[in-house]
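Visitor: I would like a brisk tour of this structure. Where do we begin?

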Amino acid sequence: MNSLINKYNIPGPRYTSYPTVPYWENESFTSEKWQSTVIRAFNESNAEEGISIYIHLPFCENLCTFCACHKRITKQHSVETPYLESVLKEWNLYLELFRQQPTTNNQQPTLKELHLGGGTPTFFSPENLRILLEGIFATVEIAENPEFSFEGHPNNTTKEHLQTLYDLGFRRCSFGVQDYDLKVQKAINRIQPFENVKNVTEWAREIGYKSVSHDLVFGLPHQSWEAMEFTIRKTMELKPDRLAFYSYAHVPWIKGVGQRGFDENDLPSGEEKRKLYENGKKLLEDLGYIEVGMDHFSLESDDLYQSLIHKKLHRNFMGYTSSNTQLMVGLGMSAISDSWYGFAQNEKTVEEYQKRVEEGKIPVFRGHILNEEDLIIRRHILNIMCQLETTFTDKNTFAELPEALEKLKEMQEDGLVELSENFVKITEKGRVFTRNVAMAFDLRMMRKMPETRLFSMTV
Ligand SMILES: C[S@@+](CC[C@H](N)C(=O)[O-])C[C@H]1O[C@@H](n2cnc3c(N)ncnc32)[C@H](O)[C@@H]1O
Ligand code: SF4
């Protein structure tokens, strides 16, 4: 196994999109092209499956020095109202776009999925979150069995947050835990007592949330297997319905994320990190969890596992989701939208984002419109990331992707995949290398390897 790790532990994307962000053709991207793909997706899908909205709420009171999310650190809560006003204005720009269309489908959007991510959504007061959400709900029809979820920080989520969001239709929440070991918590500048996680988890259950998830991260500075095991066993005292078990992405070269406060020598080595994952996975499985896609574990009763067995699992910028809509509108600073035919990202600073919205413009600053080849590859990579297998129809046999076949054959020899004429499936041994298998399809990266370091390591 060591030699496989040495061979395959290379920088690689996490494939929340294909093409991945560094390969977007930003030069030929325009807001007009983006808007026409939004209309197309809206017309094709709204009545049947509905649409998704992702809202990025970027503020956090303290910087966790391991964090790679787009956030703004501030203790000034006066930022809340102007920011939420901009989000509602941005949503109105999309509504105008939907209304302009002389089609039979120009009814109100049907909202199937809504996710509040960050940063820290629970930085905002419950009252302000209510104003934001009621502003959106007044303009949409809510689908049957909607999937509304939010990310909360255990240190600042209150009972009132949970109740307010529950009353607005939220049934899923996730909380950042990372690690309970004090030495690790100090290194990542995130002191977070178990008591806080216990409180928010128990309140959520009392109120009626049907799925509570915890985020754990392996590969953090000073994290030994003892620390990881302690964290998993503490987590089991609360038995969350789902668990994200993220591989720590070390990306200090990305401007603005603020990763610092520890030395690279404090990080577990590639081999130690793989052991954290493998031991962690085994322990979680012994404790009744099932691995779903990459990075996620679920109890059998949870929707995430149910969507896996019913082949409905989907992956987008929100991570894994149990419903699949064609159009996902991302609102807020740095949010990424997805129309299946295109991606677009909003301005990455709060000021720039708000300025563009005030000018009455959809605040996208870069993006990509997919061509035919991208659409085929996107489908395969999505299948690999969600189902760990993909099938080629006659039209798109491996013969059309000879570069992929060559790489997959090598992986077959290494025991990572099973391969037949039109089918590839990741083996148990290959699961830890899921990103590498997806990379075998990534023609854009094969044609032009990145010149500088862009991605975290795959294992
Ligand atoms: C937006 S935060 C969750 C909500 C809230 N801000 C909190 O920290 O509790 C999203 C999650 O991304 C994960 N994350 C952030 N930076 C990461 C990194 N560098 N590598 C792996 N996971 C990371 C953490 O598990 C974190 O809980
Ligand atoms: S982990 Fe959460 S609270 Fe910490 S900086 Fe990142 S987004 Fe903010």
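Guide: We begin with a cut-off. Buried means under 20% relative accessible area. The model is predicted.

Visitor: Which residues of β13 point one way, and which the other way?
Guide: In a regular strand the side chains alternate between the two faces of the sheet. Strand β13 can be read like that, and its four residues named here are all buried. M328 and G330 point one way, and the other way point V329 and L331.

Visitor: Which residue stands opposite L331?
Guide: Look at strand β1, residues 51–57. β1 and β13 run parallel, joined by four bridges. The residue opposite L331 is I55.

Visitor: Is Q326 buried or exposed?
Guide: Q326 sits in the loop between β12 (319–321) and β13 (328–331). Its relative accessibility is 18%. Buried means under 20%. Therefore Q326 counts as buried.

Visitor: Which side chain does Q326 join in a polar contact?
Guide: Leaving out residues up to four places away in sequence, Q326 touches A41, E44, S45, E49, D338, S339, W340 and Y341. A polar contact of 2.8 Å links the Q326 side chain to one of these. The partner is E44.

Visitor: What is phi of W340?
Guide: W340 lies in the loop between β14 (336–338) and β15 (342–346). W340 is buried, at 16% relative accessible area. Its phi is positive, in a residue other than glycine. The value is near 70°.

Visitor: And K311, is that residue buried or exposed?
Guide: K311 also has a positive phi in a residue other than glycine, near 55°. Its place is the loop between α10 (303–309) and β11 (314–316). Exposed means over 50% relative accessible area. K311 has 55%, so K311 is exposed.

Visitor: How far apart are the C-alpha atoms of N46 and Q107?
Guide: N46 belongs to helix α2, residues 31–49. N46 is buried, with a relative accessible area of 0%. Setting aside neighbours within four places in sequence, its contacts are A41, I51, Q107, Q108, P109 and T110. N46 and Q107 are 61 residues apart along the chain, yet their C-alpha atoms are separated by 8.8 Å.

Visitor: What is the relative accessible area of R172?
Guide: R172 is in strand β6. Beyond residues up to four places away in sequence, R172 touches E147, F148, S149, F150, Y209, S211 and R242. R172 is buried because its relative accessible area is under 20%. The value is 11%.

Visitor: What is omega for the peptide bond between Y18 and P19?
Guide: P19 is in the loop between α1 (2–8) and α2. The bond joining Y18 and P19 is cis. Omega is about -5°.

Visitor: What is omega from G118 to G119?
Guide: G119 lies in the loop between β4 (110–118) and α4 (126–137). The peptide bond from G118 to G119 is cis. Omega is near 25°.

Visitor: Now ligand 2. Which residues are around ligand 2?
Guide: By class, its shell divides into four nonpolar, four polar and two charged residues. G119 is one of the residues in the shell.

Visitor: How much of ligand 1 does the protein bury?
Guide: Start with the polar atoms. A nitrogen atom of ligand 1 lies 2.9 Å from a polar backbone atom of F66, and a backbone N or O atom of A68 is 3.0 Å from a nitrogen atom of the ligand. A polar side-chain atom of T120 is also 3.0 Å from a nitrogen atom of ligand 1. Taken alone, ligand 1 exposes 560 Å², and the share of that buried by the protein is 90%.

Visitor: Which elements give two or more residues to the shell around ligand 1?
Guide: The shell has nine nonpolar, nine polar and three charged residues. Of the 21 residues around ligand 1, those that come nearest are F66, Q178, R190, D215 and A249. The elements giving two or more residues are β5 (141–152), β6 (172–178), β7 (211–218) and β8 (242–247).

Conventions:
Residues numbered from 1 in each chain as written. Chains lettered and ligands numbered in written order. Predicted model: local features only at pLDDT ≥ 70, side-chain atom pairs only at ≥ 80, totals over all residues. Heavy atoms only, no water. Near = heavy atom within 4 Å. Polar contact = N/O pair within 3.5 Å; in protein donor to acceptor, adjacent residues only side chain to side chain. Areas by Shrake-Rupley, 256 points an atom, 1.4 Å probe, with all protein chains shown as cover. Nonpolar A, V, L, I, M, F, W, Y, C, P; charged D, E, K, R; others polar. Buried < 20%, exposed > 50% of the residue type's maximum accessible area, 1.4 Å probe, protein only. Contact = heavy atoms within 4.5 Å. Pairing = 2+ DSSP bridges.
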